[in-house]
Every structure is written in C-alpha cells, then in structure tokens.
Amino acid sequence: MSADLWNLRINDINGAEVADGKYVLYWMIANRRTEYNFAMQRAAWWAEKLGQPLVIFEALRVGYEWASDRLHTFVLQGMRDNQQALKDAPVIYYPYVEPKPNAARGLMEALGGDASVVVTDEFPCFFLPRMVNAVGKKLKCKLEAIDSNGLLPLRATEKEFTRAFSFRRFLQKELLPHLEVTPNANPLAKKSFPAADRKLIAEIEQKWPAIDEKTLADPANFIASLPIDHDVPPVDTEGGAKAAGKQLRWFLKNGLSRYADERNDVESECVSQLSPYLHFGHISVHEVFHELIQQEKWEPSQVSKKVTGSRDGWWNMSPGAEAFIDEILTWRELGYNMSHLRDDYDQYSSLPDWAQKTLEEHKDDPREFVYSMEQFEKAQTHDDLWNASQRQLVRDGRIHNYLRMLWGKKILHWTNTPQYAAKIMIHLNNKYALDGRNPNSYSGIFWVLGRYDRAWGPEREIFGKIRYMTSDSALRKLNLKGYLREYAGGKLFK
Ligand SMILES: Cc1cc2nc3c(=O)[nH]c(=O)nc-3n(C[C@H](O)[C@H](O)[C@H](O)COP(=O)(O)OP(=O)(O)OC[C@H]3O[C@@H](n4cnc5c(N)ncnc54)[C@H](O)[C@@H]3O)c2cc1C
C-alpha cells in the first residue's frame, strides 16, 4: 500500500507535537462506525506506536441547527451498535450526548488534555470543520482529522470540478491506485496496545456522564428531555451500522440488477437507500464498494484502457453496477470535491455565472403560483404530486431521487426569487431528510438551480435557461398511482 496515498487522508489540524499523555483519543464525529474506518485505524496505529490505551469518544451536540428527535434517534441507534461492537474490545468507548446547549463546553479540552494524540474525522460540511478547527486551537497535543469520505481522497486534487463528465474523466485516469488504499474491515485487528481501564477517564465521566446502555437501547424518553425540535419525529428507518449492513445486503441482492433500468421508477424501489447511513458514517463507501466488487467478481485489470468520461463501459461491470457506481462515486464525490474546496459551497453565489445571469434576467417574470415557506412545509400547494413528495419527506425523511429533483424545480417555479427558493430547499431538506446537511444536500439543491448542468432551451419564464421539469411529464412517464395513494392525503405525520 502506498504510504503517500494514505498520507493524503491525514489532515494535520493544529501542527502540534505528540504530547506526553495517558492515551490516544479517537474523537468520532462523522464516521460513526467501528468497521472500514480510516480514522479509527489511524488512532489504533498511534496507540500501538505509543504503547498507550485507546479511548473512543463518540459525541453528539444538541445545539446545532435542525437538531431533532429524528436525527438524534438515528445517531443514538448508531451509538447503540458501536457500544455493542466494542463491548469486548480493549478500548474505552465513551458515547456522550449533550443534555443542553454548551453542556459539553470544556469536555474536549479535558479529554484531549490527557491525550498524547487526538484523531478525529474529516467531514467537509456543516458546522464540523469549524468545530474541529476550534478544538485544534485549544489542544496542546497533535490533532489529526482523517478523511474517510470517499474512494478518492479529498486531497487527491485541488481542481474544482464543475461537471460530472470532467470529474468522471479524472476518476478514470486517477482512481485505480487509490482503490488499493482501503481501510481494514476491523480497524483494531492485528494492533496491539495496552487495554484501557475506565478509571483513566473517571473524573471526566463524572462531570460529563456517558450515555448508558439502557438509554441507548430505548432512547425515546431521554430524547424527549432534550432541547431539540420535537416536532420532527423519528422515522421507521433505523439508524446504525447493523441496519446499514442489512440495507446494503438487501440492495446487492434485490436492487442492483434492476438499478440501471429502474432507478427513476419511483415505485420499483430498487435504489439502495444508503444515503442516510453514508451521511452519518454508519457505513463506509469502501465497504459498499468492496461488497459490490465481490459480487461482481471484478478485478481492477478489467477497466477499459480508453478514458472517455462516459458513464458506461469503463468499469466492465454489469449495467446495474456501473450505473450505481456512477451515483455513489461520480456524483457523490463530486459534491464532496466542491464542499472541500469552496467555502461558499452552500451559498447561492456559488452557482455558475450563466445560471445566476439567466435567473436574474427572469427574476421579474410573473409567477402564477407563489407559496411561502410554511405552505411548502405543510404540503399546501395546488399540485398533488409535489404535495405527495413533501409528505414523503416529512413522514419518512426521504424523497425518491427523481421526485426530489422535481420537488426542487417546483420550489424554484413557485417562489418570488431563486435565492428564496434555495433557502426553502435548504431548510426543508436539512430539517426533514435523514441524509441532509451533507455535501450532496447542497449539490442536489444547487443542481436544481444550474450547478453541474448546462444551459437548456427553449428559454422559459422564471427558469430562463435552467433545466425545466413538470409534474405532468412525471405523471405521464412514471407509474405513480401507488405513490400518490400512499402520500397524497392523510395527516402530514403518521
Ligand atoms: C433537491 C435535492 C436534494 C438532495 N439532497 C440530498 C441530501 O441531502 N443528501 C444526499 O446524500 N443526497 C441528496 N440528493 C441527491 C440524491 O437525491 C440522493 O443522494 C439519493 O436520492 C439517495 O438515495 P439512495 O441512497 O437510494 O441513492 P442511490 O440511487 O441508491 O445511490 C447510491 C448513493 O449514491 C449517491 N447519490 C445518488 N444520487 C446522487 C446525486 N444525484 N447526487 C449526489 N450523490 C448521489 C448517494 O450517496 C446515494 O446513497 C439531493 C438531490 C436533490 C435533487
């Protein structure tokens, strides 16, 4: 394995030296899993190198935007799985959920104050980069953030890709060596370091108690006591590494072979539904890729020698596998590329010039329908299909990708300004979608407004040259009867 390529995943946050501490600390904030986890593997490597115990601290803040019963339940289900997975491991697993805003103030300084090295997860989005940098400034020891985000390390390129085609071409030229640098299925395997004694962090735990096993098994009452948004209830989709693995196995067996042909068919349900697990780090894209190539019996030598940037034919896998890789690699990591390289990835100003220009030219076009944030949120538009997709988002925490595109396009159509449309999409997506607050939240939302796309004709009112979609054509093209039956009426919540 190439050390240089591994090193691309290591981000030295504060330039500090290894300190003379009592343990190595892994501060788990994004890769919330115990398998296929570069950061945990790096922390175990440090523990072995320094001959010190390993403390794994998984934290959840309470005071972030959109914190709700839905998101907390999902994360706590993940903590439950991690606790079980590490039960017999020679490490301390310390799951902590902030009971009120700022309760965790001082905790990282205390825990990191006794550490020789702190390793954390790199996640190029939301409040996490700011939080990691702020902690880095306060720690006296080395703080490393490890990039487990994608098959391609974030630092493999400094080029910002503005079209999927050019990113795909880049991947076809550059990806293969990176596929050899994979995280171990079990990051603790073959690592030897002293077993950790809970006493090591006893004083800290007294002040900031870990969430106990019983609460993790049934967290509803605890979550009800937290100052978060209780109007967004948990969904049936269960969080955690176990559910993620089950979903992956289901998809590979039942969805993959239909994926190329039926991905846009809302009722066929052949898509993976892995995005919430990928978002919260309950599953690694490396594990998904590993299982996929096992099933495909694929070897790197099979790739085409021709670099065309085309979606099909480069991998020489089944059509379903190639179509799936195009989403989980090309499209997914395209979004990570932008949020890693641009501070304004979540701003309207990040849209390409042509898109901003055409939207500006049409800003005063008459709007037949204009809805407020509240009307959109409550699914109170004139359009049954739009209302149904909003209901799916509110009830289930997801919208099928095809309808998610339509959902966004109609918000652009029915608001006074494209800037306000972006604001509505960001708020509703991040509040209700399990996979929200992710680089791909912003790539999806800004795709609606022209990012990663080209100008389309004929030029239309409101949209200008931005790609246009209508509910009528979706209703013509797709079988949506069952979907409408399920979501068109009834209460907003189950
Ligand atoms: C308005 C809008 C908002 C969106 N918000 C989000 C979001 O908050 N979080 C999010 O992860 N995705 C978002 N997407 C992209 C896409 O809708 C979801 O990734 C996909 O529907 C997730 O379902 P799945 O896991 O079954 O995907 P599958 O079809 O099974 O694809 C596998 C994986 O590939 C990735 N992927 C699939 N489609 C896309 C895409 N178009 N762009 C980038 N990555 C993709 C996801 O990680 C996904 O889990 C958004 C798209 C739009 C149009």
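Me: OK, two strands pair when DSSP finds at least two bridges between them. With that in hand, which residue in E6 is the bridge partner of Val 119?

Reply: Glu 144 is the partner of Val 119. Keep in mind that this is a predicted model.

Me: How many bridges join E5 to E6, then?

Reply: There are 5 of them, linking E5 (residues 115-121) with E6 (residues 142-146), and the two strands run parallel. Asp 121 also has its bridge partner in E6, namely Ile 146.

Me: Which residue of E6 is the bridge partner of Ile 10?

Reply: Ile 146 again: in E6, Ile 10 is bridged to Ile 146. E1 and E6 pair over 3 bridges, in the antiparallel sense.

Me: What's the strand order in the sheet?

Reply: It goes E1-E6-E5-E2-E3-E4, an open sheet of 6 strands with mixed pairing. E1 (10-12) and E4 (92-97) sit at the edges with a single partner strand each, so one side of each has no neighbour in the sheet. From one strand to the next, the twist averages 25°.

Me: What do E5, H5 and E6 make together?

Reply: A right-handed β-α-β unit, with H5 covering residues 128-138.

Me: And which strands does H3 lie across?

Reply: H3 (residues 69-85) lies across E2 (23-28), E3 (54-60) and E4, and it runs at about 165° to E4.

Me: New topic, H12. How far apart are its end C-alpha atoms?

Reply: They're 16 Å apart.

Me: Which residues of H12 are buried?

Reply: Val 285, His 286, Glu 287, Val 288, Phe 289, Leu 292 and Ile 293. In an α-helix there are 3.6 residues a turn, so residues three or four places apart point the same way.

Me: What do those buried residues pack against?

Reply: Five helices are named: H2 (38-50), H6 (164-179), H10 (241-262), H11 (275-279) and H13 (319-341).

Conventions:
Residues are numbered from 1 along each chain as its sequence is written. This is a predicted model: local features need pLDDT of at least 70, side-chain atom pairs count only at pLDDT 80 or more; totals for chains, interfaces and linings use all residues. Side-chain values use heavy atoms; hydrogens and water are left out. Helices (H or I, at least four residues) and strands (E, at least two) are DSSP runs, numbered from the N terminus. The expected span of a helix is 1.5 Å times one less than its number of residues. Buried means under 20% relative accessible area, exposed over 50%, partly exposed in between (1.4 Å probe, protein chains only). Contact means heavy atoms within 4.5 Å. Axes are lines fitted to C-alpha atoms, for helices over the stretch in contact, and angles run from 0 to 180 degrees between N-to-C directions. A crossover is right-handed if, with the strands pointing away from the viewer, the path from the first strand over the helix to the second runs clockwise.
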